[in-house]
Amino acid sequence: MLPFDLIEYQKRLHKTKSQMEKKGIEVLLITDPANMNYLTGYDAWSFYVHQMVAVIIDEPQPIWLGRFQDANGAKLKTWLYEENIIAYPDYYVHSDSYHPMDFMARILTEIGQGNRRIGIEMDHYYFSAKAFEQLRLGLPNAEFISADLLVNGVRLIKSDKEIEYMERAARLAEQAMYHGIETIRAGVRECEVAAKIYYYMIAGTEEFGGDYPAIVPLLPSGKNTGIPHLTWTDRKLDEGDSIVIELAGCYHRYHAPLARTVSIGAPPPALEELGPIVTEGVNRVLDAAKPGVTCGELEEVWRKIIRKYGIEKEARLGYSVGLGYPPDWGEHTASIRRHDKTVLQPNMTFHLIPALWFDHYGLEISETFKVSESGSETLTQFSRELIVKHPFMIPHQDGEIS
């Protein structure tokens with residue numbers, strides 16, 4: 001059931017322990033499900049309850065700690081010995097009298113880890129203030145250290161197998177985008193477009209199927225295309241509407257995002273003028289992306305292009321992407337924005353999204369790319385332009401429109 005061989009997991013664990021040593025961390029408590037997956041292979045929809053993986057600096061295997069009914073999933077989907085899978089009873093779940101972190105603190109104490117320097121992932125979606133409070137109460141002799149983004153940093157450079165999974169996710173993204181655009185026409189509801197995208201995103205190809213993405217398809221339309229994170233409604237599309245589609249294919253939890261903008265009929269002049277600007281920006285940034293360049297330098301390439309046209313963009317231009325769970329496919333480390341000094345290295349992967357949003361309209365054209373040995377390579381292959389869809393026009397499978 002594991003998507004990677006044991007050697008790859010051991011390499012990841014070794015790199016993680018090296019970072020722990022640098023920070024003086026003896027026990028690392030991982031509660032981000034993407035990082036739990038990365039080090040152990042664990043993959044289940046169980047992140048709505050408290051769970052963790054404990055990496056102990058002088059122990060060969062991590063320990064999985066989670067809900068009793070999820071323990072068999074951990075036995076199936078991790079490389080850990082069964083004795084390293086420890087479950088708490090169900091009365092700890094959503095209780096005002098018991099908290100799972102009380103159980104976990106007791107286990108850590110019983111195995112002699114209660115008085116060590118413990119690293120905590122302090123700032124992510126799955127670790128609450130209450131969880132930290134209970135850990136501190138249960139481990140009064142421990143010294144707590146922030147370990148934010150420690151494992152995320154290890155994840156920045158992908159293995160060849162991870163790149164392969166992202167390439168498969170890219171095929172799923174292309175397929176979903178193609179069928180989503182095919183569905184768009186006046187009179188069709190936004191929800192119908194979303195349904196078609198979901199079907200092809202998950203049904204996959206004859207060779208492989210898809211996973212659920214960490215973010216649902218984003219589909220602002222009409223005057224809402226300047227609002228980037230809106231999902232679909234049951235509103236019917238009209239002639240003259242534009243619609244932004246931002247989605248991601250997902251395979252073994254690895255993502256390849258892709259965004260395109262479609263106009264139903266001739267676009268208004270303001271939107272039509274943006275198309276070549278954004279396309280130029282995407283192309284120039286991809287040309288500039290190569291090992292040794294910083295994320296901040298890539299953002300400067302984009303900023304110079306749009307400045308020629310009197311445009312400023314407040315939001316970042318992109319971010320590191322890969323393994324993820326809801327609510328985000330980003331890795332929360334490198335961002336393509338001003339002053340980010342992250343140096344590009346081969347097999348880093350980014351979602352490049354040089355979108356422009358205004359009060360009543362906007363345009364997105366995005367690419368997922370990997371840094372190669374001498375430059376960059378996009379994982380998706382889809383027509384890179386504002387897509388104008390006249391009546392009876394259909395997209396080809398390669399993303400071209402006729």
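User: Which residues is Ala 203 in contact with, leaving aside its neighbours within four places in sequence?

Analyst: Contact means heavy atoms within 4.5 Å. Ala 203 is in contact with Phe 208 and Gly 209, leaving aside its neighbours within four places in sequence. This is a predicted model: local features need pLDDT of at least 70, side-chain atom pairs count only at pLDDT 80 or more, and totals for chains, interfaces and linings use all residues. Residues are numbered from 1 along each chain as its sequence is written, and side-chain values use heavy atoms, with hydrogens and water left out.

User: Where is the place of Ala 203?

Analyst: Helices (H or I, at least four residues) and strands (E, at least two) are DSSP runs, numbered from the N terminus. Ala 203 has its place in helix H8 (residues 190–203). Ala 176 is 27 residues away in sequence, and the C-alpha to C-alpha distance is 9.7 Å.

User: How many of the 402 residues are buried, as a percentage?

Analyst: Buried residues make up 56% of the protein chain. Of the contacts with a separation of 6 or more, 69% join residues 24 or more positions apart.

User: Which residues have the most contacts inside the largest nonpolar core?

Analyst: A nonpolar core is a set of buried Ala, Val, Leu, Ile, Met, Phe, Trp, Tyr and Cys residues joined through side-chain atoms within 4.5 Å. The largest one here has 48 residues, and Leu 28, Ile 30, Val 55 and Trp 64 have the most contacts inside it. Helix H7 (residues 160–183) gives the largest share of this core, 5 residues. A second, separate core has 28 residues, including Val 278, Val 293, Cys 295 and Ile 306.

User: What is Ile 30 in contact with, beyond its neighbours within four places in sequence?

Analyst: Among its partners are Met 36, Leu 39, Met 52, Val 53, Val 55 and Val 151. Asn 35, Gln 51 and Glu 121 are also in contact with Ile 30.

User: Where is Arg 67 found, and is it buried or exposed?

Analyst: Arg 67 is found in strand S3 (residues 63–67). Its relative accessibility is 10%, so Arg 67 counts as buried. Arg 67 touches Tyr 48, Val 49, Ala 87, Tyr 88, Asp 90 and Val 93, not counting residues up to four places away in sequence. Tyr 88 is 21 residues from Arg 67 along the chain, with their C-alpha atoms separated by 5.2 Å.

User: Which residues other than glycine have a positive phi?

Analyst: His 94 is one of them, with phi near 50°. His 94 lies in the loop between strand S4 (85–88) and helix H4 (100–110). It is exposed, with a relative accessible area of 65%. His 339 also has a positive phi, about 75°. His 339 lies in the loop between S10 and strand S11 (349–352) and is exposed at 66% relative accessible area.

User: Which peptide bond is cis?

Analyst: The bond from Pro 326 to Pro 327 is cis, with omega near 10°. Pro 327 lies in the loop between strand S9 (318–325) and strand S10 (328–336).

User: What does His 332 touch, not counting residues up to four places away in sequence?

Analyst: His 332 has its place in strand S10. It touches Tyr 125, Leu 149 and Asn 152, with that same exclusion of residues up to four places away. At 33% relative accessibility, His 332 counts as partly exposed.

User: Is Ser 372 buried or exposed?

Analyst: Ser 372 is buried, with a relative accessible area of 11%. Ser 372 is found in the loop between strand S14 (367–371) and strand S15 (376–378).

Definitions and conventions:
Buried < 20%, exposed > 50% of the residue type's maximum accessible area, 1.4 Å probe, protein only.
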